[in-house]
Amino acid sequence: MQLSAIAFTSPLPSTPFFKSANLKKKSSINGSSQQISITSSPPTSQSAQTTGVAVVGGGLAGLAAAVRLQADNVPFVILEASDAVGGRVRTDFADGFTLDRGFQIFITAYPEACKLLDYDALELQRFYSGALVFYDGRFHTVADPLRHFSDALRSLGNPIGTVIDKLLIGLTRIRVLSLSDVEILGGDEVKTIELLRKSGFSDSILNRFFRPFFGGIFFDPELETTSRLFNFVFKCLALGDNTLPKKGISAIPLQLAAKLNPTSIRLNSRVVSIESESDGSSTLILDNGETLTANLGVILAVEQPAAFNLLSGKASQTPLKNPVRSTICVYFSTDETNVPIKDPVLFLNGSSQGIVNNMFFATNVARSYAPAGKTLVSVTLVGTYDNVPDEELVDQVLKELGDWFGNEIVDSWQYLRMYRIQFAQPNQSPPTELVKDPKVKDGLYVCGDYVTSATFDGALVSGRRAAEALLKDNAIVGNRV
C-alpha cells in the first residue's frame, strides 16, 4: 500500500462531522511517524458539531468499529488524541530506519484480521517458525516440525527441554486445533504456567523456552496470563506465520484508516468528558473546550487506563488489574557485514539471567527496516526499569548481548532509540472474561484488547462487536439521526 496513492472509495457519510478536510502524508525525515493526518476548519455551525456515532480513539479497535459503522452508512467521527491513528500500533521512521514502537509481531492466522485486512498489500515478511535459544553459552534451535522437520529432528536431543517435552508440544498443538475460538476464549481457565505444568512439561523447557517466548508475547515471564489466551495464541501460531509488514507495523492501522472517509478521522482531539443527555444523545467535551454531540451513541476505544478515567463515577466497570504489562524496546544499528546470523529468526534468553528477554535482527526479516548496507537490531526487555537511566540500560544490554554474540560483533552496534511502554497490554491473569458485553449503558459502548483477548485480533473483534451492539440497539429504539 503506497501512502501517496491511497484512494478513499467509500461513500460519504450522510452527516459528515466537519465540512472540509485535507489529507496529508507526513514525511519520514529524522524520526517522524508515517501517518494519515487530517487538518480541518473549526466547526462553524451547530450541525457541524453533531454526528451519529463518536468513536473515541483511533487504535485498531476504534478503526475496526468505524469500518463496521461505515459498512451500514452510519455517520461517525473518530476522535484520536494523538497525531496519528494506530494507538499502540505505531511506527517511527528515522534516517532510513523503520522503528516499530515496541516488539510487535503480526500472526497471519488471526481470524478477524484475515477478514478485515489485505495481506498482499501489507507485503508481510515472515519469521523462521521457531527460535534460537541462548542457554549455557550457546544457541540451541527450537523448530516447528511441520515446517522445519530436519531442524526439529536435529534439536530433539538439545537441552531446551526433553524429547518428551517436544512430543508434548505436538499434543498441545493437536489439542488447541481441535477447539473452536469460542470454546477457547470461553472455556475453563488457569494460569498458563499451571496449564503447562499440568500438561507434563519439564522445568527445563518451561524456563528455557516457554517463559522467554510466551513471556515476550504476553510481557509476562511468570506466565500468570490466562490459559485461554495461551491456547488462542498457540492455535494461531500453529495455523499461521509470524510476520512484519514491509513498511512497519503501522501499515496495519493505516490500511484500516484508508478504508474510511478521511473527513471522519479527526486527530489531536482528546476527549476529556462524556455526558449522557436526556434525549438519548451524548455530549463529548474535548481538551480545547470544544463540545460535540453524538446522536446514536459513543464507542469508547481507548486503552484501559484511559477508559477507566473517562468512565470514573459514570458507569460500573471492571477494576484495572495490576500489574499492567510493560516493556522496553531498544534499537541499535550496525553494518550489514556485522550480522552473525542471516536467518529471520527470533533469539530467546533461556538462561534465566540478565535483562534481555528476546531480540532479533529486524532486517533479516524485512530488509526494508534499514537503509542499504545497514542492519537494524531490536532488543526487548519485560518491565520498565523505571529507576534505571536509559544510558545504563543500553550499557547492560550491550554487555549481555556481547556474551551472546561476542564483543567483536556487539562493539560495532550504535544505539538508535529506546521505547519505554508503560501500558503494553492489559493484565489478563485469571479470572478473565474474554467475551465481554461491549455495552456499558444506553448509548455507551467499549472496545479494546482488554474487552476481549490482548492481541491484535482481540482489538479488531472488540471494535466490530461494539459497533454491532450499537447498531442493534438503535434498530430496536429507532434511528435518531
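Predicted model: local features only at pLDDT ≥ 70, side-chain atom pairs only at ≥ 80, totals over all residues.

Student: Why is Thr452 called buried?

Tutor: Its relative accessible area is 4%, and buried means under 20%, so Thr452 counts as buried. It sits in the loop between β23 (444–446) and α15 (456–477).

Student: Which residues does Thr452 touch, leaving aside those up to four places away in sequence?

Tutor: Gln428, Leu434, Gly458, Ala459, Val461, Ser462 and Arg465.

Student: Is Phe219 buried or exposed?

Tutor: Buried: with a relative accessible area of 7%, Phe219 falls in the class under 20%. You'll find Phe219 in the loop between α8 and α9. Its phi is near 50 degrees, a positive value in a residue other than glycine.

Student: What makes Ser352 exposed?

Tutor: Exposed means over 50%, and Ser352 has 60% relative accessibility, so that's the class it gets. Ser352 also has a positive phi, about 65 degrees, although it is not a glycine. Its place is in the loop between β18 (346–349) and β19 (358–361).

Student: Why is Ala121 called partly exposed?

Tutor: Its relative accessible area is 22%. Buried needs under 20% and exposed needs over 50%, with partly exposed in between, so Ala121 lands in the middle class. Ala121 belongs to helix α3 (residues 119–122).

Student: How do you know that the buried residues of α11 line one face of the helix?

Tutor: In α11 (residues 304–311), the buried ones are Gln304, Ala307, Leu310 and Leu311. Looking down the axis, they fall within an arc of 125 degrees, so they line one face. They pack against β14 (271–276), β16 (291–300), β21 (414–425) and β23. After α11 comes Gly313, with a positive phi near 80 degrees.

Student: Where are the cis peptide bonds you flagged?

Tutor: One joins Asn322 and Pro323, with omega about -5 degrees; Pro323 is in the loop between α11 and β17 (325–335). Another joins Pro430 and Pro431, with omega about 0 degrees, and Pro431 lies in the loop between β21 and β22 (439–441).

Student: What makes a space a cavity, and how many are there of 30 Å³ or more?

Tutor: In a cavity, a 1.4 Å probe fits but cannot get out. By that rule there are three of 30 Å³ or more. Residues lining it include Thr98, Asp100, Phe103, Tyr331 and Ser378, and β7 (97–100) and β20 (374–382) each supply at least two. By class, this lining has seven nonpolar, four polar and one charged residue.

Student: What lines the second largest pocket?

Tutor: There are 33 lining residues, and Ala143, Asp144, Pro145, Ile169 and Arg173 lie nearest the centre. They divide into 21 nonpolar, seven polar and five charged. Helix α5 gives the most, five residues. Among the elements supplying at least two each are β10 (130–135), β11 (138–143) and α8 (203–218).

Student: And for the protein as a whole?

Tutor: It has 15 helices and 23 strands. Of its 481 residues, 57% count as buried. Among contacts between residues at least 6 apart in sequence, 72% join residues at least 24 apart.

Methods
Residues numbered from 1 in each chain as written. Heavy atoms only, no water. 1 Å grid on protein atoms, 1.4 Å probe; cavity = no way out; pocket = protein on both sides within 12 Å on 5 of 7 lines; lining within 4 Å. Helix = DSSP H or I, 4+ residues; strand = E, 2+ residues; numbered from the N terminus. Nonpolar A, V, L, I, M, F, W, Y, C, P; charged D, E, K, R; others polar. Buried < 20%, exposed > 50% of the residue type's maximum accessible area, 1.4 Å probe, protein only. Contact = heavy atoms within 4.5 Å. Arc of directions from axis to C-beta. Points joined across faces, edges and corners; volume = space filled by probe spheres on them.
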